[in-house]
Amino acid sequence: MTPQVFRRLIRDTGGNVLPMFAAGILPLIALVGGAMDISVAYMARSKLQKSCDAGVLAGRQVMEGTSFRPSDRDEARRFFEFNFPDGTYSARDLTFAVEQNPTRNTELLGSASAAIPTGLMRIFGYDTIPVSVDCNAAKDVGDNDIVLVLDVTGSMAFPPSTGGPPKIDSLRSGAVGLYRALEDANGSTTRFGIVPYSHTVNIARSLGNRDILTQQQYVDVRTRFGRLTYTSKTVHINQSTWGTNGNNSNANTQGFRTSGDGCIEERASIGRSTNPIRYATTITLADVDTVAASANDTAHQFGRYDPGVQRGMTQYGCPSEATTLRTYDSETAYTNAINAATSRVTGGTYHDIGMLWGLRFISRNGYFAADNPETRGPVPVNQHIVFMTDGRLETGPTLYSAYGVETYQQRLEGSGTQNSRHISRFKDACTLAKAMRVTVWVIALDVTDTSDIEGCATSSSNFFVSDGSDLEDVFAEIGRGIGNLRLTR
């Protein structure tokens, strides 16, 4: 072959494509196939991580305190399997495990793994790609202040519609679920306040003498031309049921406050008339937080609920004393407090007065501001109200309530029915709670129509319906929901 022919053959590229393609196809298949299979494995791992997270969060959520039971493990597995069901990405050898951290019993340690089948990479002997994840969850309960606003109206003395013990008995035995769910929260402080309510509240012991009116308006009954007429009268505390210390007004006020029968008549709405007293159909932050500046600040003082001098009423009653936020060092002490707070079952259902005083007890800017800090040291304090009722709001025209005898005194402004105006006040109190960053939990006990109360809850997951038989479980679920549940990995 001459040099010229050889050079011509070198320059001729015809027919070279096929061998070049044959030489490059395998690396190309490996590159594209590997990218596809790795992409599928990546998506499978992401799904596995989310499912593992859901599992440990669910398991930690249902734990009572630091007790990790087989049922809690089963709940974790159910959530994992719901989020990563069989057949997802054709995964093989799927595993999920969850255990309690032996050195930190408020934390669950989880792990999950699977083998994801390959597509094109199978040509090169890679049948599966292994994926694994870790997922840990802890519940940092932190410090919590919880005010229980409990319906103790007359209907609570009756069994629920499904039968069984009286509803008040179910409440007394069921409320312990809340304490049990929180009692093993290591390193945290949980305080409970209790506000039993019906048509008024018994809160005078929690106030000071300066917060109570000395002279007060009541209904009077007189006979005129052979007919009864209802007018107004002013009664000094020295002439009231508590006027046992002669003309010593301060001593009589103290006697009222510490008598155990310190139910109140609600003060006028801030900015409304105080003589005669008028209530708006709204509740403002000023209504919650404004404190009487002195014993002479009558615009911001509360009246005495005194059936002994009130007239024109067909029904009256004073529930048991409320207690401000405090700790209980044992389940027995907490249970005794619940029993004492629910020992008097009486009266009509005024949700607004109960919720209003729940807010006053927990507010950081009102009557108990000094005792309701945002933090204790470096630990934030979470605030909660648990509101429980067995019925719709139901007022009475001649029932003697915290708002007086409404038919005769007509203190409540606005149009519409008396019930609807009190419902308006109740809803405003609920809205204020959320604005104050208080988490509201609502329990409807044996209630068929929940339209008035359901919206009070912070969210739908904070609203519960009970027939009474499961009340302890409901309180326990609320306890498990209180605090900060978070992933730690």
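Modeller: Buried means under 20% relative accessible area, exposed means over 50%, and partly exposed lies in between, with a 1.4 Å probe and protein chains only. On that scale 49% of the 489 residues of the protein count as buried. This is a predicted model, where local features need pLDDT of at least 70 and side-chain atom pairs count only at pLDDT 80 or more, while totals for chains, interfaces and linings use all residues. Residues are numbered from 1 along each chain as its sequence is written, and side-chain values use heavy atoms, with hydrogens and water left out.

Biologist: What makes C52 and C135 a disulfide?

Modeller: A disulfide is a pair of cysteine sulfur atoms within 2.5 Å. For C52 and C135 the S to S distance is 1.7 Å, so the pair qualifies. The link is left-handed, with -45° about the S-S bond. Helices (H or I, at least four residues) and strands (E, at least two) are DSSP runs, numbered from the N terminus; the protein has 12 helices and 17 strands.

Biologist: Why is C52 called buried?

Modeller: C52 has a relative accessibility of 0%, which is under the 20% limit, so C52 counts as buried. C135 also has a relative accessible area of 0% and is buried.

Biologist: How many disulfides does the structure hold, and what pattern do they follow?

Modeller: There are three. With bonded cysteines counted along the chain, the pattern is 1-2, 3-4, 5-6. C263 is joined to C318 with an S to S distance of 2.0 Å. The torsion about that S-S bond is about 95°, so the disulfide of C263 and C318 is right-handed. C263 is in the loop between α6 (249-257) and β8 (264-265), and C318 is in the loop between β9 (303-304) and β10 (323-326), 55 residues apart. Both C263 and C318 are buried.

Biologist: What makes α9 and α11 roughly parallel or roughly antiparallel?

Modeller: Helix α9 (residues 351-362) and α11 pack at an angle of about 25°, with their axes 8 Å apart. Axes are lines fitted to C-alpha atoms, for helices over the stretch in contact, and angles run from 0 to 180 degrees between N-to-C directions. Angles under 35 degrees count as roughly parallel, over 145 as roughly antiparallel, 65 to 115 as roughly perpendicular and the rest as oblique. α9 and α11 are therefore roughly parallel to each other.

Biologist: Which residues of α11 make the contact with α9?

Modeller: H422, R425, F426, A429, C430, L432 and A433 of α11 meet H351, D352, M355, L356 and L359 of α9, where contact means heavy atoms within 4.5 Å.
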